[in-house]
Amino acid sequence: QVQLVESGGGLVQAGGSLRLSCAASGRTFSSYVMGWFRQAPGKEREFVAAVRQSGGTTYYADSVKDRFTISRDNAKNTVYLQMNSLKPEDTAVYYCAADRGNMIHTTARNYDYWGQGTQVTVSS
């Protein structure tokens, strides 16, 4: 069992940067694959990025590759999403998720635990 709490969302101009954080409770954080998803009004929840347990293997959606970076600090039970060169189309609620498995998945239904989300708004 794990509880996830996102923070760091807000309003930023196009071209700017934000860093999202996800703090996890529980003593088995390091055993989970961690992912970030986002959902804009009227659209389905989409995969953004994921990182395996050790932090050494990552995977990104094509829409954010080369702009976003996912990382984790297992000693602090925290996963991060550094977002650079933000675009208005990045506007969405961003969710942190944990997967008890060992492989990276890009479908939301494969993740077992979810945070409540944090709003990111990018103005032009």
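View 1. At 16% relative accessibility, Ser21 falls in the buried class, where buried means under 20% relative accessible area, exposed means over 50% and partly exposed is in between (1.4 Å probe, protein chains only). This is a predicted model, so local features need pLDDT of at least 70 and side-chain atom pairs count only at pLDDT 80 or more, while totals for chains, interfaces and linings use all residues. Residues are numbered from 1 along each chain as its sequence is written, and side-chain values use heavy atoms, with hydrogens and water left out. Ser21 sits in strand β3; strands (E, at least two residues) and helices (H or I, at least four) are DSSP runs numbered from the N terminus. Setting aside neighbours within four places in sequence, Ser21 has contacts with Val5, Glu6, Ser7, Trp36, Thr78, Val79 and Tyr80, a contact being heavy atoms within 4.5 Å.

**View 2. The Cys22–Cys96 link.** You'll find 1 disulfide in the structure, defined as a pair of cysteine sulfur atoms within 2.5 Å. Cys22 and Cys96 make it, with their sulfurs 2.1 Å apart. It ties together distant parts of the chain, Cys22 in strand β3 and Cys96 in strand β9, 74 residues apart. The link of Cys22 and Cys96 is left-handed, with -80° about the S-S bond. Cys22 counts as buried because its relative accessibility is 0%, and Cys96 counts as buried at 0% too.

**View 3. The open sheet that holds β3.** Here 4 strands line up as β1-β3-β8-β7 in an open sheet with antiparallel pairing; two strands pair if DSSP finds at least two bridges between them. β1 (4–7) and β7 are at the edges with a single partner strand each, so one side of each has no neighbour in the sheet. On average, neighbouring strands of this sheet are turned by 15° against each other, direction ignored, using axes that are lines fitted to C-alpha atoms. Between β3 and β8 there are 6 bridges, in the antiparallel sense, and Ala23 stands opposite Thr78 in β8.

**View 4. The largest nonpolar core.** A nonpolar core is a set of buried Ala, Val, Leu, Ile, Met, Phe, Trp, Tyr and Cys residues joined through side-chain atoms within 4.5 Å. The largest one has 37 residues, and Leu4, Met34, Trp36, Leu81, Met83 and Tyr94 touch the most other members. Strands that each supply at least two residues of this core include β3 (18–24), β4 (33–39), β8 (78–83) and β9 (92–99).

Methods: Axes fitted to C-alpha atoms, helices over the stretch in contact; angles between N-to-C directions.
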